[in-house]
Amino acid sequence: MKINSTLKLTILLLLLMSGAGTASAFLAYQAGSQALKGVSQPENNPTKKLTEGKKKSTEPTEFKPIDEKTILIKVYNHTHQKNKAAASGKEQNKENNKTEDKTSQSTEETPNDIEPSQTVANLPLQVTDQGVKLEVDEAINEGTTLSLKVNLQNEGATPVKFLYSFLEVKDNQGRSLSAITEGLPEELPANSENFVGKVKIPTALVDDSQSLSLNLTDYPDQKLKLNIAQIPVIR
């Protein structure tokens with residue numbers, strides 16, 4: 001039986017196409033193998049680390065409430081910062097005369113909605129170290145602030161510098177209180193006049209306190225020990 005020439009040609013073409021396909025697949029496999037030489041599978045699954053990180057981040061943490069007094073201190077310091085920066089030496093010179101009537105002076109300087117100063121039996125309190133005198137003259141309740149009027153004087157032969165962030169105020173229970181100063185100089189000249197200023201403390205911090213103590217030292221030597229205790233809390 002004779003095979004048609006067309007059928008022969010068709011079979012030949014199919015064989016050629018099959019051979020070309022097999023050769024192409026072989027060449028592609030060889031090229032891929034060469035490209036992947038030196039590449040190995042990672043020892044650890046990278047998705048495992050992501051999963052572990054998510055687990056750690058979702059673990060609940062202990063809630064620690066902020067102490068109420070800490071909030072009051074921050075609010076007080078923020079609202080009174082501008083007043084502290086605006087303190088000038090003019091106010092010091094106006095208050096240099098100790099013989100002025102303290103009752104009339106406090107009435108003039110105190111607004112109508114603030115209680116006048118009260119007389120305290122054990123004030124003034126005074127301490128002197130190396131010729132530097134610190135005196136707490138009076139305590140005034142000014143609404144939300146307990147204001148202590150203080151005097152500083154250097155009777156020594158050398159100037160003394162102070163950094164009032166080192167001023168330590170504690171109550172009779174040993175708790176440290178936040179306070180700001182007004183009108184006190186950063187440096188006391190030798191044989192200087194008396195400088196008058198204020199130490200202000202939020203009354204919210206001294207609600208259950210009976211007395212206060214002030215501890216002040218010079219900067220940077222810290223050789224002076226100006227400590228005054230038993231300062232009464234005015235309410």
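This is a predicted model: local features need pLDDT of at least 70, side-chain atom pairs count only at pLDDT 80 or more; totals for chains, interfaces and linings use all residues.
**The chain as a whole**

The chain has 235 residues, and 33% of them are buried. Its secondary structure consists of 6 helices and 11 strands. Of the contacts between residues at least 6 apart in sequence, 64% join residues at least 24 apart.

**An open sheet**

Strands β6, β5, β10 and β11 form an open sheet of 4 strands, in the order β6-β5-β10-β11, with antiparallel pairing. The edges are taken by β6 (176-177) and β11 (226-232); each has a single partner strand, so one side of each is left without a neighbour in the sheet. Strand β10 (residues 211-216) runs antiparallel to β11, and 5 bridges join the two. In this pairing, L212 stands opposite I231 in β11.

**Salt bridges**

The structure holds 6 salt bridges.

| Salt bridge | N to O distance |
|---|---|
| E142 and K198 | 3.7 Å |
| D171 and R175 | 2.7 Å |
| D208 and R175 | 2.8 Å |

The side chains of E142 and K198 meet in one of these salt bridges. This pair links distant parts of the chain: E142 belongs to strand β2 (residues 132-142) and K198 to strand β9 (residues 195-202), 56 residues apart. Are E142 and K198 buried or exposed? Both residues are buried.

R175 takes part in a salt bridge with D171 and in another with D208. What does the pair of D208 and R175 tie together? D208 lies in the loop between β9 and β10, while R175 lies in the loop between β5 (168-171) and β6, so the pair ties together parts that are 33 residues apart in sequence. Through shared partners, the salt bridges join D171, R175 and D208 into one network.

R175 has 25% relative accessibility, so R175 counts as partly exposed. D208, at 41% relative accessibility, also counts as partly exposed, because the exposed class begins over 50%.

Technical notes:
Residues are numbered from 1 along each chain as its sequence is written. Side-chain values use heavy atoms; hydrogens and water are left out. Two strands pair if DSSP finds at least two bridges between them. Buried means under 20% relative accessible area, exposed over 50%, partly exposed in between (1.4 Å probe, protein chains only). Contact means heavy atoms within 4.5 Å. A salt bridge is a side-chain nitrogen of Lys or Arg within 4 Å of a carboxyl oxygen of Asp or Glu.
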